[in-house]
Amino acid sequence: MLALAVSARVLPQLLRASVLLSLPIAISVVLVSVFTRAGTTVLFTIGPFDATLEGVEFAAQTLVRLFAISTSIGLFVLATDPRAFVLDLERRGVSPRFAFVAVASIEAVPTLVERAATISESQRARGLDTEGGLRTRLRGLLPIVGPVILTSLTDVEERSLALESRAFSRPGRRHLLWSMPDRTAERVLRFVLIGLLIALIAARVAGVDF
Amino acid sequence: MLTFDGVSYRYAGYATPVLHEIDLTLDGGEIVGLVGANDAGKSTLCLVASGLAPGSVGGALTSGEVRIDGRAMRGTPLHEFATLVGIGFQNPATQLSGVTGSVFEEIALGPMNLGLSRRETVERVDAAMATLAIEHLAEREPRRLSGGQGQLVVIASLLAMRPAHLVLDEPTAQLDPEGTRLVGEAIRALAATGTALLIAEHKTDLLDRLCTRVVALDGGRVVIDAPAATALEDPRLRDLGVDRPARVRLAEALRGRGLDPAVLA
């Protein structure tokens, strides 16, 4: 997976994102596993808690799994253009409505962030104090969040009208403008990975321990 | 031909109609301007003409019928309306789909929704961009366009649908003079192809240059429906809160000073 990240030129971002995403869970996993897992080899003791070798082994295993999951998700997000992904899904038969909702949800995030920044600046220009202590910041939140939500709802209504006027609700398939290039090597790799996954599941069900 | 036969429309949750017994006809190739103060019912009339009200907005036609080429449109699915009547609003930011990565894809969205072939979609997009001279924006990200550029892209998106009738609700509200000129040219070019256009607009100078007829609304009722030159000179427009075109105001000022407005010619 790290090799894939290198080839996609997203390794530093991937590592940073994976560590940040896993960190809260990783800390609790380490604390719970190391100090509460029963074992025969006690490494050290803190108060009433014994840190056992078995606990450390279990924590290490869990961390590796956690890191594998977070890097998989992270690599997908960093290396895949959401629009390309959803259009490809549509090409493979997924409903255009689902495709639209999926892309719109992803694309809505930067728009919301931009809008919140604009509203925040306008409110500051009108004297709203958004800096300082926690209480001041919390008090400044409502005049920003309220307009962000209300303007977003208005936008959704107008956008849905505009989409209706462009035949969005017409049933039936669409001819997409372009399709994702799908090279032979990529197809082979996909089949190999799927085969490998099936083999691993089968081995696990058969009782093989890795 | 788009016809309003005594149409009254009421929004959902409201006791009284916003439009009252509107009689209006748009013939092919005709450019009709729609003027009136804010809350006169211009935008509502645009929504009803496009089928979005009551189709999508809700509410009800409490009397009358909207007809296209003689066919009553009540109960017609919205996606069928899309090829009959296109509608553009004043804020481009909310009309762009938000899901496309380039202006080209944005304009192609409508034709794609119609199920057209890839070739025809591309052909329509190219033609729409050429009409508005926005080919240079093809690769740009729609979200990063200026208000004026965005509005031109929205209008191009409507042109690519090739509707028989086009309703534009303040299409030049965010455009600079050059953008306004391009939209004006596009409107003329469309009318020349037989498209009927209804344009709600505060810029009466633009309507003066473009329209064959002007309709004024007040309180949801048609109070003036006359050839553009006559309607835009009607003194009642001032009482309705509508600025008359510069040529009319200038002529009036000259007359007020005892001069003959014919000197302007």
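The bend at a residue is the angle between axes fitted to the seven residues ending there and the seven starting there. In this predicted model, helix 5 of chain A shows such a kink, of about 30°, at A:A108, shortly before the proline A:P110.

**Chain A**

Helix 5 of chain A covers residues 96-125, a run of 30 residues. From its first C-alpha to its last it reaches 42 Å, close to the 44 Å expected at 1.5 Å a residue. After helix 5 of chain A comes A:G127, which has a positive phi near 100°.

The domain assignment divides chain A into domain 1 (2-79), domain 2 (84-164) and domain 3 (181-210). Taken over C-alpha atoms, the centres of domain 2 and domain 3 of chain A are separated by 39 Å.

**The sheet of chain B**

In chain B, an open sheet is formed by 6 strands in the order 6-7-8-3-9-10, with mixed pairing. Strand 6 (85-88) and strand 10 of chain B each have a single partner strand and stand at the edges, so one side of each is left without a neighbour in the sheet. From one strand to the next, the twist averages 15°.

Strands of a sheet pair through backbone hydrogen bonds, either parallel or antiparallel.

| Strand pair (chain B) | Sense | Bridges |
|---|---|---|
| Strand 7 (residues 165-169) and strand 8 (residues 196-200) | parallel | 5 bridges |
| Strand 9 (residues 213-218) and strand 10 (residues 221-227) | antiparallel | 6 bridges |

Strand 9 and strand 10 of chain B form a hairpin with 2 residues between them. In the turn, B:G219 has a positive phi of about 60°.

**The interface between the chains**

Contacts between the two chains involve 26 residues of chain A and 31 residues of chain B. On the side of chain A that touches chain B, helix 5 and helix 6 (134-164) of chain A each supply at least two residues. Helix 6 of chain A provides the largest share of that side, 8 residues. By class, the side of chain A that touches chain B comprises 10 nonpolar, 6 polar and 10 charged residues.

Note on methods
Residues are numbered from 1 along each chain as its sequence is written. Chains are lettered from A and ligands numbered from 1 in the order in which they are written. This is a predicted model: local features need pLDDT of at least 70, side-chain atom pairs count only at pLDDT 80 or more; totals for chains, interfaces and linings use all residues. Domain bounds come from an automatic or database domain assignment. Helices (H or I, at least four residues) and strands (E, at least two) are DSSP runs, numbered from the N terminus. The expected span of a helix is 1.5 Å times one less than its number of residues. Two strands pair if DSSP finds at least two bridges between them. Axes are lines fitted to C-alpha atoms, for helices over the stretch in contact, and angles run from 0 to 180 degrees between N-to-C directions. Two residues are in contact if their C-beta atoms, placed from the backbone, lie within 7 Å. Ala, Val, Leu, Ile, Met, Phe, Trp, Tyr, Cys and Pro count as nonpolar, Asp, Glu, Lys and Arg as charged, and the others, Gly among them, as polar.
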